[in-house]
Amino acid sequence: MLTRTLALLATAALLGSALGALVGWNVTLQRVPVAVMEAIEARMVGPEGEWNTCVHERQYGPLPRVARSNPDSMVTRIAYDLSAGSLRLRGKTWPDYWSLSVYDQNTDNVFVVNDQQIEGDSFDYTLVRTSDVSVADGSQKIVSPTRRGILLIRRFVVSEADVLAVHANQDLMQCEITSSPLRRLPP
Amino acid sequence: MYSGKVGSPAASRAERARVALGGPLALSSEETIYFIALEDDEGEQLTSSCDYRITGQPFDTRWWSLTLYDSDTQVFVPNEINRASWNSRAIEYAAEGSWTVIVSDEPQVGHWLPVHQQSTKRFDLLLRLYNPAAETRRSVRTLALPTIERVQC
């Protein structure tokens with residue numbers, strides 16, 4: 001009897017350990033992407049905490065210290081925090097390849113649009129926290145599933161000869177936090 | 001390994017964690033397809049102590065690029081010509097349409113990608129296909145990828 005009880009207890013302990021390990025592994029898997037995003041955002045905003053600021057990569061070619069960066073692109077980066085309102089982005093696309101992509105705090109690429117999917121060569125998007133937030137006329141809404149995240153604009157640059165034109169394209173961009181999150185009034 | 005869910009909210013926890021550690025802020029597979037090579041055609045690890053000839057065909061995609069990274073740091077290998085990649089617009093194609101890139105620690109004629117000099121450090125090659133054609137996406141598992149031939153060590 002004692003042997004059987006001990007065996008049952010041992011089995012229960014083993015199953016409990018296995019279940020605990022499984023839960024722990026799942027929690028780790030869930031936590032990793034968030035930790036990676038937090039680390040990238042901390043680097044992007046710096047000690048001044050510059051959230052919602054367009055940071056333009058001005059150099060063409062290989063960049064030191066940026067993991068897996070694409071030397072054929074010149075990127076604009078924005079670490080966003082929608083606590084203070086919505087983030088409106090306006091500017092011109094870039095003809096060889098241009099895309100605007102949004103990554104939520106879980107690293108998911110929740111939105112992407114490229115220049116071939118936009119009518120004309122201008123863009124106007126507003127990143128909002130929920131779908132019921134109002135945006136300016138003519139601006140297209142992007143809903144971020146999380147309050148914080150990262151937005152990237154990629155431009156494919158064929159050669160060094162394009163760099164000044166890319167700088168001009170970057171300088172045309174406007175990035176601004178609009179007023180506090182407005183919600184559409186119920187009808 | 002390929003999954004159409006990579007980079008999207010539909011990815012599994014394991015896929016998401018793997019991408020977050022290996023290449024965060026990549027585009028979803030609807031926009032860009034990524035391939036990584038860690039080994040040559042004979043299954044040997046890519047190392048700076050060998051020279052390699054990479055040969056491929058054009059891809060049916062808006063543009064593509066092949067970039068070399070130090071496998072340990074995941075950043076570029078510093079070199080005197082400041083080159084870490086070749087892309088579909090910059091590369092010259094042979095008469096039959098193929099292209100060739102040489103990986104070596106010594107300067108090479110043609111499309112050269114430098115690696116660490118006199119070193120055994122590992123490197124990898126990342127192929128990006130931006131805006132792949134619908135057929136390219138459909139046939140992604142059987143796509144003719146570049147060959148990586150070890151020339152000498």
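User: How many bridges pair strand 2 of chain B with strand 5 of chain B?
Analyst: This is a predicted model, where local features need pLDDT of at least 70, side-chain atom pairs count only at pLDDT 80 or more, and totals for chains, interfaces and linings use all residues. Residues are numbered from 1 along each chain as its sequence is written, while chains are lettered from A and ligands numbered from 1 in the order in which they are written. Helices (H or I, at least four residues) and strands (E, at least two) are DSSP runs numbered from the N terminus, and two strands pair if DSSP finds at least two bridges between them. Strand 2 (residues 51-56) and strand 5 (residues 99-104) of chain B run antiparallel, and the bridges between them number five.

User: Which residue of strand 5 of chain B is the bridge partner of Thr55(B)?
Analyst: Strand 2 and strand 5 of chain B pair in the antiparallel sense. Within strand 5, the partner of Thr55(B) is Thr100(B).

User: Which strands stand at the edges of the open sheet in chain B, and why is one side of each left without a neighbour?
Analyst: The sheet has four strands in the order 6-5-2-8, with mixed pairing.

User: Is Ala90(B) buried, exposed or partly exposed?
Analyst: Ala90(B) lies in the loop between strand 4 (85-87) and strand 5 of chain B. Its C-alpha atom is 9.6 Å from that of His111(B), 21 residues apart along the chain. A residue is buried with 20 or more other C-beta atoms within 10 Å of its own, exposed with 12 or fewer, and partly exposed in between, C-beta atoms being placed from the backbone. Ala90(B) has 14 C-beta neighbours inside 10 Å, so the class is partly exposed.

User: How many bridges join strand 2 of chain A to strand 8 of chain A?
Analyst: Strand 2 (residues 73-81) of chain A also pairs with strand 1 (residues 55-56), antiparallel over two bridges. There, His56(A) is partnered by Thr76(A). Toward strand 8 (residues 148-156), Arg77(A) is partnered by Leu152(A). Strands 2 and 8 of chain A run antiparallel, and the bridges joining them number nine.

User: What arc do the buried residues of helix 2 of chain A cover?
Analyst: In helix 2 (residues 163-172), the buried residues are Val166(A), Asn169(A) and Gln170(A). On the other side, Leu164(A), Ala168(A), Asp171(A) and Leu172(A) are exposed.

User: Which element supplies the largest share of the side of chain A that touches chain B?
Analyst: Two residues are in contact if their C-beta atoms, placed from the backbone, lie within 7 Å; 33 residues of chain A contact 34 of chain B. Helix 1 (2-45), strand 4 (98-104), strand 5 (109-114) and strand 8 of chain A each supply at least two residues of that side. The largest share, seven residues, comes from helix 1 of chain A.

User: What percentage of the residues of chain A count as buried?
Analyst: Chain A has two helices and nine strands. Of its 187 residues, the buried share is 28%.
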